[in-house]
Amino acid sequence: MNCIWCDADIIPQVNWGNLFVLEKPKLLCPVCEGKLDKIEGKRCVRCSRRSADKVCSDCQWWEEKEGERIIEFNYSIFSYNEMMKDMIAKWKYRGDYYVGEAFKHSFITAYHEKFAFLKKNAVVVPIPLSTRRLKERAFNQAKMLADFLPVETIEALCRTHGEKQSKKSRMERIYADNPFFIEESINKSVILVDDIYTTGTTLRHAAKLLRDHHCPEIYALTLVRG
Amino acid sequence: MSKDMISVPDPSLEQLSRIYSGKLLLRNEILLEDNLLRQLLHEKQFRPIKSIVKKNFTRQCQRCGNQKASLFATIPCFLCKQTHFYCRKCIEMGRVLECEPLYVWSGDKTKWPQQENPCSWRGELTPAQQQAANQMVMAVVNHDKELLIWAVCGAGKTEMLFPGINQALQLGKRVCIATPRADVVRELFPRLVSAFESVPIQALYGGSNTEEAAAQLIIATTHQLLRFQEAFDVVIIDEIDAFPFHADPSLLFAAERSKVPQSTMIYLTATPRKVHRKRISRKKLPHVFIPVRYHGHPLPVPKIKMCFSLKRELLHNKPPRPFIQWVRQRNNPERQLLIFVPTIVIAEKLKSPLACMFNKEGIIDAEESLTSVHAADENREEKVQQFRRKEFRVLLTTTILERGVTFPSVDVAILDAGHPVFDEAALVQIAGRAGRSVDDPTGEVMFFHDGRSEAMDRAITSIKLMNRRGGFS
Ligand SMILES: [Zn+2]
Ligand SMILES: [Zn+2]
Ligand SMILES: [Zn+2]
C-alpha cells in the first residue's frame, strides 16, 4: 500500500495485538495522518465548532434570527488546518477523486457514533454541485462522502450555477438567495452531507427547502468544520 | 455576412498553428469553442490521441509517462458515466481522464523566422566562457544530439548560452530553456528579454498564463515541458542534477518528447550525477568543462571542523562551540553569514538561541538581524530578497538555498555537514555560494561535523580537482 497523500510505502505494523485480527489497511501514512486535526474536547453541540460554550455565539445568533432550529445539529470530524486545506484543494479542485478515500473510515465511524440512534429511518442527502461544476470536476465530493454511509443516498436537491461562495462576503453569503431547488420531497429524517461546514448557510438553505417539503427533521454530517 | 459573424474572431490556420503546434493538450487547455474544435478535428488539423494506454500489465499516462500503479486511480465519471482511470501523477497540471483524449496539432507546423540579429547583449565572455559558448554553437549548427556543459558554481553560465541561442535563432530554430524552479525562471526571464530584445520570449511556470505559449524562445520550469510534443529544436536543461529532474522520470520523458527528431539537448550542471559522469568517462556524452569562475579566482575550498558533542548541542538548541569560536574570528567579519542546517526543525529551533548569542557576542547588533528560511516558509522569497539587500546579517537555512541563489559577499557554514541530506552535490553547491563577486571573490566555507562523511571527502576532493583543472594549484 502507498499513502494516498505522499505516496510513501506504508509498512503494516504487526504486533501481538493485531497478529490474529486482520487490521484494515491504512490509507494514509502515520506522518500524513498525524497532520490532520481531529476535533476533540469541548465543541458546540449545534455546529461542532471548538467552543467552551455549550452553544457557540454564532449558533445563538442563528437561533435568535430564525426563531427556530432548522438543522438539529451538525457534526464535523476535522478542523480546517493547513493539511486539510491542501487535501481538500487537491481532492475537490484538482479533482483527485482518490484523496476522498482517505476520509472513508473516519466518516463511517462518525456516522455510527453520532447518528446510529436514527436507525434505518433516515436517508442521506448530499449537497449537490451545479451541472457546470460537475462537468468540470467529473464528480461531487459530497456524494462521494454520502455513498460511504450504510444508508440510502437520495439526490433530492439540485443547484443552480452562481457565483463561487468563497468570493462573497459573510453578510452576502448569509442573505444570498437559495441556490437549491428540490427534485424529490422526503418525509423521513434526513442527514445532509457536505465536505465543509463554514458559515452553515449552504446547509441551512438546503435544509429549509427540504423542511418546506415535508421533511420532519434534518441533521448534518460534514467532514470539516471551517 | 452579418455583423455578428464579423465580430467573432476567426483565427487563421497560421495563427492556430503558431499556438497549438508542438503542444500536447487537454481539452480545457485549448481555448477554442466546441464547434471550431470539432471542425478542426474533422479537417485533421488536430489529432486526438488516447490519454491513458494499457501496456502489458500496467498502464501509462501519455502526458507524463507515469506507469506507477499507485499513481493511477479510478473515478466514477460524470462526463462519460463510466468508472475509469485517471492519472494522479501529473494532476497538478490538470487532470488526465481516460475518457478524454489529449490533442496534438497535426496541421502545418509553424515556420519560425530566421532572426537576423537576435542577440542584443554587448558584454564580453571570459576565455573559458567563450570556449563553452563555441562548443554549444557547434552543437547547434551540427544538430548534435547532446552536449553537457559542466561549469563550476559562479562560472557565469547564463551569458555562456547567449551565442548558442543566438545561432539557433538565426537558423530559425525554436529554443527552450528548462529549469527546475520558478524563482529561477522569474530571475532569468528579464535577463533574456534584454539580451534578445527583438525576439518574442515567454516565461512559463505554475501560475503564469501558459495557454498561449507561442514564442520562439521559451524559458520554463521543467514541469511545463509536459505540455509540449515535438516543439523545440534546442532544449537547454539547467541544473540537470537538481531535484526534481534527477528524481522524477516523468520530466525526462517530457523533455525527450518536447524536442523535434533532429534536435540538440544542452545540459547544464556544476555537479554532474553518476549517470552523466559515467557517460562522460566512456566518451558517450560530449561535454565541455569550465573549471574557472567568471572573475578568475579559484573556488573556496571548505575547511572541516570536528564538533564532538554536535548532536547533543543541536538537540538542546545550542550552537556547537567550535562554530562560535570560528564566527568570532572570521577573516572578514563584514561578510554576511549563511548557515545551513539539515532540517526545518533545527532551522526553526536554533534561530532564537543563535540570534541571542550572536547579539551578546556583538556579531550582530540586534536579534532581528538574524532570520531563518525553509521550504515550508511562506515568506521565503521575501526573506531572501531582504538578505540580499543586507537587511539581515545572518540567514539560517535548510538546503533550499543550496543552489540558484547568489549573494555577493558571504561566509558559509554547515552545521552537521555529515548529515545524509548533504550529499556530494549539495555540499559542492553550498560551498559555491561563497566568493561570488569580483569585489569579494573569496569567502570562508566551513563544514562542522561529528564524523566526516564520504560525501564531505568527495566534495572537497572534487572542488580541489576543479581548481587544479582551472590552473590553480
Ligand atoms: Zn503520507
Ligand atoms: Zn500523467
Ligand atoms: Zn469519463
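A residue counts as buried under 20% relative accessible area, as exposed over 50%, and as partly exposed in between (1.4 Å probe, protein chains only). The model discussed here is predicted, so local features need pLDDT of at least 70 and side-chain atom pairs count only at pLDDT 80 or more, while totals for chains, interfaces and linings use all residues. Residues are numbered from 1 along each chain as its sequence is written, chains are lettered from A and ligands numbered from 1 in the order in which they are written, and side-chain values use heavy atoms, with hydrogens and water left out.

Chain A holds the zinc ion (ligand 1) through the SG atoms of A:Cys3, A:Cys6, A:Cys29 and A:Cys32, at 2.2 to 2.4 Å. Donors here are N, O and S atoms within 2.8 Å of the metal (3.2 Å for Na, K and Ca); water is not among the atoms, so sites may look incomplete. The spacing of these donor residues in sequence reads C-x2-C-x22-C-x2-C. The angles among the 4 donor atoms run from 103 to 118°, which makes the site tetrahedral (for four donors, all angles between 85 and 135 degrees). As for burial, A:Cys3 is buried at 1% relative accessibility, whereas A:Cys6 is partly exposed at 38%.

B:Cys77 is buried, at 3% relative accessible area, and so is B:His84, at 7%.

Back in chain A, 4 strands make up an open sheet, ordered S1-S6-S5-S2 with parallel pairing. Strands (E, at least two residues) and helices (H or I, at least four) are DSSP runs, numbered from the N terminus, and two strands pair if DSSP finds at least two bridges between them. S1 (74-79) and S2 (122-126) of chain A sit at the edges, each pairing on one side only. S2(A) joins S5 (residues 189-197) of chain A over 5 bridges, in the parallel sense, and A:Ala122 stands opposite A:Ser189 in S5(A).

Helix H4 (residues 104-115) of chain A packs on this sheet, touching S1, S5 and S6 (218-225) of chain A, with its direction at about 145° to that of S6(A). Contact means heavy atoms within 4.5 Å. Axes are lines fitted to C-alpha atoms, for helices over the stretch in contact, and angles run from 0 to 180 degrees between N-to-C directions. Helix H8 (residues 201-212) of chain A lies across S1, S5 and S6 of chain A, at about 165° to S5(A).

Note on methods: Four donors count as tetrahedral if all angles lie between 85 and 135 degrees; four count as square planar and six as octahedral if opposite donors are over 155 degrees apart and all others between 65 and 115; anything else is irregular.
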